[in-house]
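Please read the following points alongside the model. They go residue by residue and then turn to the pocket and the aromatic rings.

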Amino acid sequence: MDRGDDLRRGFDAVQLRVVSADDWEQWKVVRLHALTEAPEAFGSTLADWASADEHRWRERLTTVPFNVVALVDGEGVGQVSATAPDVGHGIGLISMWVAPSARGTGLSDRLIDAVVAHARSLGARSVALSVR
């Protein structure tokens, strides 16, 4: 049985956690995993972030105001971010990634739902997905 089987059976074990600049180390671990596993999916590269210092990680989590990590037993298996509302009151869904072991479990739907709920809480009129 692999980790994906465990996730599909016990999907409730996946915890979504909104992170802030104070959680930069947790975000860093998941983000570097994402950039390693799916480099073609992001505008940033592993080389851009591998040696980034604490200040840069904190700044990223501040300038992009909504960030979520998905965890199973403390291990990061996904992430998503949302931009601040633009002039037209739209929010951008960015930086989404789901670990191979968690694909096919519905986690991506939960990450998108988290962004949509956040957008609604701000009164945003739309959520646009940015795809690379």
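1. Serine 95 has its place in strand E4, which spans residues 90-98; helices (H or I, at least four residues) and strands (E, at least two) are DSSP runs, numbered from the N terminus. The model is a predicted one, in which local features need pLDDT of at least 70 and side-chain atom pairs count only at pLDDT 80 or more, while totals for chains, interfaces and linings use all residues. Residues are numbered from 1 along each chain as its sequence is written, and side-chain values use heavy atoms, with hydrogens and water left out.

2. With a relative accessible area of 14%, serine 95 is buried (buried means under 20% relative accessible area, exposed over 50%, partly exposed in between, for a 1.4 Å probe and protein chains only). Its side chain makes a polar contact of 3.3 Å with the side chain of arginine 60, a polar contact being a pair of N or O atoms within 3.5 Å where, within protein, one must be able to donate a hydrogen and the other to accept it, and where residues adjacent in sequence count only if both atoms are side-chain atoms. Apart from neighbours within four places in sequence, serine 95 is in contact (heavy atoms within 4.5 Å) with Arg31, Phe42, Arg60, Gln79, Val80 and Ser81.

3. Isoleucine 94, also found in strand E4, counts as partly exposed because its relative accessibility is 23%. Residues up to four places away in sequence aside, isoleucine 94 touches Val64, Val80, Ser81, Ala82, Thr83 and Ser130.

4. Which residues lie nearest the centre of the largest pocket? They are Ala41, Phe42, Ser95, Met96 and Ser130, out of a lining of 18 residues. Strand E4 gives the most to this lining, with six residues. On a 1 Å grid over the protein atoms alone, a pocket is an open set of points where a 1.4 Å probe fits, with protein on both sides within 12 Å along at least five of seven lines, and lining residues have an atom within 4 Å of a point.

5. The search of the whole structure finds one aromatic pair. Tryptophan 49 and tryptophan 57 form this pair, which is tilted, at 4.5 Å centre to centre and 45° between the planes; rings of Phe, Tyr and Trp (its six-membered ring) pair if their centres lie within 6.5 Å, with planes under 30 degrees apart counted as stacked, over 60 as edge-to-face and the rest as tilted. Both tryptophan 49 and tryptophan 57 are buried.
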